[in-house]
Amino acid sequence: MATVIDGKAVAQTIRSEIAEEVRALSQKYGKVPGLAVVIVGSRKDSQSYVGMKRKACAELGIKSFDIDLPEQVSESDLIKQVHNLNANPDVHGILVQLPLPKHINEEKVLSEISLDKDVDGFHPLNIGKLAMKDRDPLFLPCTPKACIELLSRSGVSIKGKRAVVVGRSNIVGLPASLLLLKADATVTIVHSRTPQPESIIREADIVIAAAGQPMMIKGSWIKPGAAVIDVGTNAVDDPTKKSGYRLVGDVDFAEASKVAGWITPVPGGVGPMTVTMLLHNTLEGAKRCFEKNH
Ligand SMILES: Nc1nc2c(c(=O)[nH]1)N[C@@H](CN(C=O)c1ccc(C(=O)N[C@@H](CCC(=O)O)C(=O)O)cc1)CN2
């Protein structure tokens, strides 16, 4: 039976460490880290994630700057907001919640965020550095960073291991595979056009599942003893729940937990760590800024 990695507990430990550092910074410099959380529109899931981020800021002593824009905001007005935040010395991190409405070009907006405030790590230059040998981006994307942190805090070494990432999104799959490569894993990406993904996944010592397909990865696809990190957050109908739905991952947890060595649950695995890594990036950005201006 696999060791279940408790992402909520790990996240709580790291949040206490961040809160301590924020207190120390406030004493030393008389300033606290600031995070701008920008949301466009009223998608229920995005509102909920943004709510979690703002609440976590308040709990840790990080000042959040809340920018709520209507669904119809123009791309140029959104970019103006980003420029204002770039120029605000109290803001050390800027996060634009994704996805953006269809009429807005996400890449264009993300490219306008100052490199040294890009706490989501989605600026093309930061992603480019992630892809280069011997270069490091200023910030790592939060969910991939969360996956690596969960592995390392669970004592799973990456160097020399066979890792399979399922999914090739810009937010998770692609940067996760680059991070694993930087950590000296042998990496394969499986995606929607890969024939017989199960035969590749079965060879992996480490699986990062980020396909957005509920319970796609079966227990029989997992190599005995493998570490399985499930990034999927899929709502499936469940009439026994008051809400009418429940959250499941991309991995069939009941089956896979009988075979794997380590596994993350959904909910309570990677999700809470994603928000925590954002706060960690904000702290790092603020420290760099305070030290530079001291
Ligand atoms: N600008 C960004 N947009 C998005 C990102 C991102 O990293 N940056 N990632 C995702 C959504 N996301 C953060 O924004 C996120 C997803 C899930 C969770 C989380 O804590 N999930 C809980 C369950 C929550 C629930 O009950 O609804 C869990 O897994 O335990 C946090 C953040 C897309 N957009």
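Let me start with a definition: the expected span of a helix is 1.5 Å times one less than its number of residues. Helices (H or I, at least four residues) and strands (E, at least two) are DSSP runs, numbered from the N terminus. With that in hand, look at helix α1, residues 7-29: its 23 residues reach 32 Å from first C-alpha to last, close to the 33 Å expected at 1.5 Å a residue.

A word on what we are looking at, friends. This is a predicted model, where local features need pLDDT of at least 70 and side-chain atom pairs count only at pLDDT 80 or more, while totals for chains, interfaces and linings use all residues. Residues are numbered from 1 along each chain as its sequence is written.

Back to α1. Its buried residues are G7, V10, A11, I18 and V22; buried means that 20 or more other C-beta atoms lie within 10 Å of the residue's own, exposed means 12 or fewer, and partly exposed is in between, with C-beta atoms placed from the backbone. An α-helix has 3.6 residues a turn, so residues three or four places apart point the same way. The buried residues of α1 pack against α2, α6 and α10, where contact means C-beta atoms, placed from the backbone, within 7 Å. After the helix comes G30, with a positive phi near 70°.

Now the overall layout. The chain is divided into domain 1 (30-114) and domain 2 (142-271), with bounds that come from an automatic or database domain assignment. Their centres, taken over C-alpha atoms, are 28 Å apart. UniProt, in an unreviewed entry, places "domain: Tetrahydrofolate dehydrogenase/cyclohydrolase catalytic" at residues 5-120, a span that is 51% helix and 16% strand. The UniProt feature "domain: Tetrahydrofolate dehydrogenase/cyclohydrolase NAD(P)-binding", also from an unreviewed entry, sits at residues 141-288, and that span is 34% helix and 19% strand. Those positions are in the numbering used here, feature names are shortened, and annotations may be inferred rather than shown by experiment.

So what surrounds the ligand? There are 20 residues, the closest being Y49, L98, C142, P267 and G271; a residue counts as near if its C-beta atom, placed from the backbone, lies within 6 Å. The largest share, 4 residues, comes from α10. By class the shell has 12 nonpolar, 7 polar and 1 charged residues, counting Ala, Val, Leu, Ile, Met, Phe, Trp, Tyr, Cys and Pro as nonpolar, Asp, Glu, Lys and Arg as charged, and the others, Gly among them, as polar.

Two cis peptide bonds deserve a look. One runs from L98 to P99, with omega near 0°, and P99 is in the loop between β4 and α4. The other joins V266 and P267, with omega about -5°, and P267 is in the loop between β11 and α10.

Next, α7 (173-182), where 8 of the 10 residues are buried. Its cover includes α5, α6, β5, β6 and β7. In β5 you will find V164, which is buried because 28 other C-beta atoms lie within 10 Å. V164 is 8.0 Å from S177, C-alpha to C-alpha, though they are 13 residues apart in sequence.

Last stop: D184, in the loop between α7 and β6. Is D184 buried or exposed? D184 counts as exposed, because it has 12 C-beta neighbours inside 10 Å. Its phi is positive, about 70°, although D184 is not a glycine. Thanks, everyone!

Terms used
Two residues are in contact if their C-beta atoms, placed from the backbone, lie within 7 Å.
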